[in-house]
Amino acid sequence: MGFRDKNVVPKAQRNLSNWDMFATWIGANANNGTWYIGGVIAACGFVTSSTLLICVGILSYVLLALVSLAGFETGLNSMNLMRGAFGVKGSLLPSVINVIQFIGWAAVNTYIAAISVSFILRDIFGWSASNQQLDRVGLFAGIIIMSLLHLLSISLGEKSVRWIERIGIILVTIFVIWESIIVLKMVPFHEIVKWRPQASLRLDNGVAIDTLAAFNLAWVTAAADFSRYAKNKKSAVSASFFGANIGLIWFALMGVIATIATAITLDKFDPNNSDPSTIATKLGLGVLALVVIMLTSTTANAVNLMAAGSAATNIFTKLKLKPALWIVTGVATLVTFIPAYIATFLETFELFLNGVGMFLGPEIAVFLVDYFIIHQHTYQIDDFDQVQGQYWYTKGINLRALLAWLIGVILYFVLRQLHVVNVTVGATFISMLVTAGIYLSLMKRIKNK
């Protein structure tokens, strides 16, 4: 059985409709992590944070739409596609990064949802809020409960993911509308708009852009994992683009508003209290809000775990998707315990985002240039596992792709040290443009020889 037969989704299995793709990507972004991102960038003030949210979202998800198109045209998942640019063996590095980052995102969402579970258990058993030992027991119980729910959500692979997103989007919609009404009754919208954090806690624009870009670009590397199941090009491209943007703007903006409302209500802004569970509790939204937060973790992590599992199958070619999903879910459960022991959750989260942004931007730039410009939408898929085939490059690795990627990663790191970059446009998109230019130049030089 050749690479095409094992990895390309046949037309008979391409059954995701416009609504399914739309719901999948809304569900991917209508989650705890997106809310938390909104809470973090709230430190820019409402006008700036909402403007950056929309602009960075649109730019990032244009790239998601392009990767979705590649997935639809080839029927391959995202990490299989990386073989074209990075080589048969070279694609293992992006695959490893994808497994790590999506396990990380699953852990982030699980941890935030586990906080909700711990609050619910505190109410049920009457634990004191000052009892840190019992709070930790509740948190650990929450991690285990959420991990079991995540196993259930991916138990049937793509089919169970589709159903969890269909159901989840309805409940999440009801929750956000309800919570928006409560929050805006408590704090008038005009007060939220004019609120500003104290200077020492204000987030620079460039840092906010890089934070948002790291969050958004993570989904770009998973786009083809779902678009290859789409019924048609419109479902693959347009539904993905609009679903991801609506989910992002909708939930992150709710995070911005709720975080600012909490700061106004308590007369104190603390970015460590940006997670939805803490905010819902401080605003008195009740157990139902916490239950829905748990649901959003499940809908988002169905996508995270699918992406991690798909990447794992490109690393271990004999590993089937369902066992891969169970394995990455188990690893994600273990990783979720880390924030409970390291500094604050905010510090851990920001460190994670910096790592994601540094590696993903240049990687995506190399792939898009390779697929759309160098190879002009055409990969010879039968060669994707062939020694000495056209994607074997140098001992299975495209050294030019790795060089361009490495330069982009280093450039991102250097730019993040510059104050002028941090207060203006950020490092992510600059490093992507430079990486794209370098890779295009290197590959054209080969063709011209």
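Let me begin with helix H15, residues 321-336, which has 16 residues and reaches 22 Å from its first C-alpha to its last, close to the 22 Å expected at 1.5 Å a residue, where the expected span is 1.5 Å times one less than the number of residues. Helices here are DSSP runs (H or I, at least four residues), numbered from the N terminus. Among the buried residues of H15 are Ala324, Leu325, Val328 and Ala332, buried meaning under 20% relative accessible area, exposed over 50% and partly exposed in between, with a 1.4 Å probe and protein chains only.

A word on the basis: this is a predicted model, in which local features need pLDDT of at least 70 and side-chain atom pairs count only at pLDDT 80 or more, while totals for chains, interfaces and linings use all residues. Residues are numbered from 1 along each chain as its sequence is written, and side-chain values use heavy atoms, with hydrogens and water left out.

Next, Ser227 has its place in helix H11, residues 223-227, and is buried, with a relative accessible area of 0%. Leaving aside neighbours within four places in sequence, Ser227 is in contact (heavy atoms within 4.5 Å) with residues including Met21, Val67 and Phe72.

Phe72 also brings us to a charge: the charged end of Arg14 sits over the Phe72 ring, 5.6 Å from its centre, the criterion being NZ of Lys or CZ of Arg within 6 Å of the ring centre and within 35 degrees of the ring normal.

Conventions:
Helix = DSSP H or I, 4+ residues; strand = E, 2+ residues; numbered from the N terminus.
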